[in-house]
Amino acid sequence: MAGANTFEVLAPGILSTVQDLGRFGCARYGVAASGALDGFAVRVGNLLVGNDEKAAVVETTLMGLRIKVLRDTVVAFTGGDLQARKGSEPLAMWRSQWVREGETIVFSGPASGFRAYLAVAGGIQTAAVLGSRSTNLSSGFGGFEGRPLRKGDILAAGPVKDAVRFADRAFMPEAVPSYASPWRLRVVWGPQDDHFSEEGKQTFVTAAFTVSPDSDRTGIRLKGPVVARQPGLEESIISEGILSGAIQVPGDGQPIIILGETASGGYRKIATVISADLPLLGQITPGDEVAFEAVSMDQAVQALREMEDKIDAFKRSLK
C-alpha cells in the first residue's frame, strides 16, 4: 500500500477502525456496505484536510484512543466531541490543524455524540477490498487487516505536497449537527408498515424508546412499548435485502434500527430513517431516548437537499 507512516496506535480505545463511506454494489453477494456510521462527519472531515470526500479515516467510539504522530501533517476531528487533546491542549472540532512528529493525540471521553472521526491529509492508506477501505468486522476484511485497531498498529497516509496549506480550515458553525438526546428521527413508512396494526403504528410514532446497551455497529436496539403487528401474522418474513436505516420489528415488538453491517433481514420493516438523518445514527448512545416522526417522501427529499446544500456551500468556500 502507498503512503508514509503517519500514526502509531498507543491504545485503541473501546473500538477504533478504518472506515470510508462504504462498500456498495456487493449486497447481492451477501456483503454489507460497512463504512462510517456518520457519513456527513467523514465527508466534512476529508474536505477540511484537502481529501476526496470518500477517503478513509479512523472512526473511534466513546473514548480511549491514543495515537502518536509519526510525521508532520494536517488532521481534522469531526463527529462526536470525544474531547481530543494534544497533551493537555484541547483540539478543536470541525477544524483542520497542524500536528507535529512526536505529539500524542488522546480521546478522553464524550462531551457530545458517540463516535469521532480523525481525517488526515492524504487519507488513511490500506488495501482496498471490493472498492472500499472500510472494515467489515464480521467478515474480517477491509480496513486494517479486517479488524479493530490494536496497540502497536502503524497507519500510513497518502502523500500530499505542502499539506500545511490545508491547515486552519473551519466548517460553518451553523451547519455543525447537534448530537443530543432525546433524538427525533424522521422516517418514511414501509416497506411492510401494512403488517402492523393501527395501534402499533401509533405506538411507533408517539412513544419514546430507550437505546439498549446491546446495540452495536449492526443495529440500534430499542426498548419501549410493544409495536404490535397485525393479528395472525408470523413473527418473521422471508429474508430480503435491507438497507441502513431500515427499522425491523421482531417478534417481541421492540424496534431495531439497522446499520451498515448487514445485507439481509427476515423481520418486518415498519419504517425507514430518511437519508438526511442517517448520519445521526452513528452518534446515538446507549441510554439515549429516541422518538420517530413520520414524514412524506417529498419532505425526505427536501431534507436530503438541505444536507447536500451544506456540503456544497462548504466546498464553494474552499475555492
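Residues are numbered from 1 along each chain as its sequence is written, and side-chain values rest on heavy atoms, with hydrogens and water left out. As the model is predicted, local features need pLDDT of at least 70 and side-chain atom pairs count only at pLDDT 80 or more, whereas totals for chains, interfaces and linings use all residues.

The protein chain contains three helices and 21 strands; helices (H or I, at least four residues) and strands (E, at least two) are DSSP runs, numbered from the N terminus. Its C-alpha trace spans about 65 × 40 × 35 Å along the principal axes. The radius of gyration is 20 Å, which agrees with the value near 20 Å for a compact globule of 319 residues; this radius is taken over C-alpha atoms, and the globule rule is 2.2 Å times the number of residues to the power 0.38. Of the 319 residues, 53% count as buried, where buried means under 20% relative accessible area, exposed over 50%, and partly exposed in between (1.4 Å probe, protein chains only). The accessible surface comes to about 13900 Å², and 50% of it belongs to carbon and sulfur atoms; accessible areas come from the Shrake-Rupley method with a 1.4 Å probe, and for residues only the protein chains shown count as cover. Among contacts (heavy atoms within 4.5 Å) between residues at least 6 apart in sequence, 76% join residues at least 24 apart.

Seven strands form an open sheet in the order 7-6-9-4-1-12-11, with antiparallel pairing. Strand 7 (89-90) and strand 11 (124-125) stand at the edges, each with a single partner strand, so one side of each lacks a neighbour in the sheet. Two strands are taken to pair if DSSP finds at least two bridges between them. Strand 11 is joined by two bridges to strand 12 (residues 154-157), in an antiparallel arrangement, and Gln 125 has Ala 156 of strand 12 as its bridge partner.

Within strand 1 (residues 4-12) lies Ala 11, which is buried, with a relative accessible area of 19%. Leaving aside residues up to four places away in sequence, Ala 11 touches Gly 64, Leu 65 and Arg 66. The C-alpha atom of Ala 11 is separated by 26 Å from that of Gly 287, 276 residues apart along the chain.

Helix 3 (residues 297-318) has 22 residues and should span 32 Å at 1.5 Å a residue, in agreement with the 32 Å between its end C-alpha atoms; the expected span is 1.5 Å times one less than the number of residues. Its buried residues are Ala 300, Ala 303, Met 307, Ile 311 and Phe 314. These residues cover an arc of only 75° around the axis, which puts them on the same side of helix 3; the arc is that of the directions from the helix axis to the C-beta atoms. They pack against helix 1 (39-48) and strand 13 (183-189). On the other side of helix 3, Met 297, Asp 298, Arg 305 and Arg 316 are exposed.
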